[in-house]
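Take a walk through this model, one element at a time. Keep the sequence and the structure side by side.

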Amino acid sequence: MISLIRAELLKLRTTRVFLGLCGATVLFTVLGVVAGVLSAGSSGSPKLGTAASARNIFGSGGPAALFALVLGILSVTGELRHGTITQTFLVTPRRTLVVAAKLVAMLIAGTALGVLAGVVTTAVAWPWLAAKDVSVSLVSSDVGPVLAAVVVGAALFGVIGVGVGALIRNQIAAVVVALVWEFVLEAILIGVVPDVGRWLPGGAARGLTRETLSSGNLLPAWGAGLVLLAYGLAFAAAGSHLLVRRDVT
Amino acid sequence: MTSVIAVRGLVKRFGSVVAVDDLNFEVEGGTVTGFLGPNGAGKTTTLRALLGLVMPTSGTATVFGQPYAGLRDPSRRIGAALEASGFHPGRRAIDHLRVAALAAGIPEARAAAALTEVGMEPAAQRRVGGFSLGMRQRLALAGALLGRPEVLVLDEPANGLDPEGIHWMRGFLRAFADQGGTVLISSHVLSEVAQTVDHVVIVAGGRLVASSTLAQLTDRTSGGAVRMRSEQPAPLHDALVARGMSATLVDTDSVVVTGAGAREVGRMVAQIGVPVFEMTTEGSNLEDIFLELTAAGRGTR
């Protein structure tokens, strides 16, 4: 099983997709920090030096979860699209082991993206804030949990991605459906029906990082984490159920 | 000799399409068996059922007496190269093999060694997206060889190979078999594999139409014609007809005999004593037999 997980991680590392998503994570995280610091104190954003502002800025790695989701989707649909699933199942005919290895590999890869986002956030925000004479303690109750939440969110969205990819199977459709769901449907639901929205994956992700804009409506961080874990396991179970039985032609 | 591969009563339906229809055949250890039939005859589906990728509707396909999924260490027992498209275009050739080796618990050094065995080591660091069909075929074969298996299952491995590549493939398979290996190789062109195989299993429309040694199939080619050229065609023709042959005068110097083999006609010509300066057999060759057999199966679809 260990070697299967290592093989899945090697698959991720030997195409340029993973590097590209790492680059996207860095880019979006830096943009998030810059926007967070520059907009602080204006148009309803909390002022620098407040706990809410620290949560906002140090939660800038949130997009790591999105790219982990895409990576998880591609780890399944890429194999179906390029036909490498044939070799994968020839080498390991017990397909449940393959799915399990993919889930663990994506948990690891998602964690890596989350850690990358956290490191970039800290490397940009901390010296910048220090230069502005805003003191932030990395172990304070605001910053530490937010950075941890970014990592946990990315790891769990990676797992969800594996399930989504196995369910939808078509690469482009899977990515488009996931993105439209997150950015359009959930954004609307969270705004219009927060009682439903906070239980959805994107709403739970916001609860995890305790985003300030509507935090009154969100689940507590621990609850949001459990909800995301449940989504990950449910999607993975449904997806692997399909993948294990399907003919590979 | 024991059978390494056994297909018994195999049926596979995709919706309303019957891809494989009650197929039975076996492959003996140490032989090279050609699995032949026109495109769409059910060859690939049969091989995929054999390798646990496709679930049979009914019947069984087993290797070493058990389903493929039940094998411990399948990569070390059976190597399969199923299609030339199963590569991520952005992955380097060597990495494609390293992934498979890692998952199969095979030492990573085998990846480079297998590439060398198929003559692909110069392309090891290149991404597969830039490969020709022939290079993909060789890379697929390298994947099959990773675990040093005793059995090879190859689906249309000659597709996309140039004449030199086909020549190389023949030599490779012959050497593999000479070392005691077993090969099941599919093709839609009999002549591609005729020089390599001992046995042939011919399918059409998902059904078995012939299963025999290549020699037995060749024996069926006697129904052709024998053409001779002579400086005295008319006396030769008359003498042959007098001996009960169905002979025809053709052109200015040729006689064509049908319904008898070259051996029999040659013996008769020697008795007649008329000089002949050219003698050829025509018509029904291996390819014709193949077409005839598969046309019958095709008609049922």
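The paragraphs below go from confidence to chain A, then to the cores, the interface and chain B.

This is a predicted model, in which local features need pLDDT of at least 70, side-chain atom pairs count only at pLDDT 80 or more, and totals for chains, interfaces and linings use all residues. Residues are numbered from 1 along each chain as its sequence is written, while chains are lettered from A and ligands numbered from 1 in the order in which they are written. pLDDT is the predictor's confidence in each residue, from 0 to 100. Chain A has a mean pLDDT of 87. In that chain, 95% of residues reach 70 or more. Among its elements, helix α1 (residues 2-13) of chain A has the highest mean, 94. Helix α9 (residues 194-197) of chain A has the lowest, 79. Helices (H or I, at least four residues) and strands (E, at least two) are DSSP runs, numbered from the N terminus.

Start with helix α2 (residues 16-39) of chain A. Its 24 residues should span 34 Å at 1.5 Å a residue. The expected span is 1.5 Å times one less than the number of residues. The end C-alpha atoms are 34 Å apart, which agrees. Which residues of α2(A) are buried? They are F18(A), L21(A), T25(A), T29(A), G32(A), V33(A), G36(A) and V37(A). A residue is buried if 20 or more other C-beta atoms lie within 10 Å of its own, exposed if 12 or fewer, and partly exposed in between; C-beta atoms are placed from the backbone. The buried residues of α2(A) pack against α1, α3 (51-58), α4 (63-82) and α6 (95-131) of chain A. G41(A) follows α2(A) and has a positive phi, near 85 degrees.

Move on to helix α7 (residues 143-168) of chain A. Its 26 residues should span 38 Å, and the end C-alpha atoms are 37 Å apart, which agrees. Of these 26 residues, 22 are buried, so α7(A) is largely enclosed by the rest of the structure. Just after α7(A), R169(A) takes a positive phi of about 70 degrees.

Now the cores. A nonpolar core is a set of buried Ala, Val, Leu, Ile, Met, Phe, Trp, Tyr and Cys residues joined through C-beta atoms within 7 Å. The largest has 154 residues, of which L113(A), A154(A), L50(B) and V153(B) touch the most other members. α7(A) gives the most to this core, 17 residues. A second, separate core of eleven residues includes M228(B), V257(B), A260(B) and V265(B).

Next, the interface. Here 30 residues of chain B are in contact (C-beta atoms, placed from the backbone, within 7 Å) with 24 residues of chain A. On the chain B side, α2 (74-77) and α3 (93-104) of chain B are the elements that give two or more residues. The largest share, seven residues, comes from α3(B).

Last, chain B itself. It holds eleven helices and 13 strands. Its C-alpha trace spans about 75 × 45 × 35 Å along the principal axes. Of its 301 residues, 45% count as buried. M169(B) is buried, with 23 other C-beta atoms within 10 Å. Leaving aside neighbours within four places in sequence, M169(B) is in contact with P157(B), A158(B) and L161(B). M169(B) and V118(B) are 51 residues apart in sequence and 9.1 Å apart in space, C-alpha to C-alpha.

Key
Contact = placed C-beta atoms within 7 Å.
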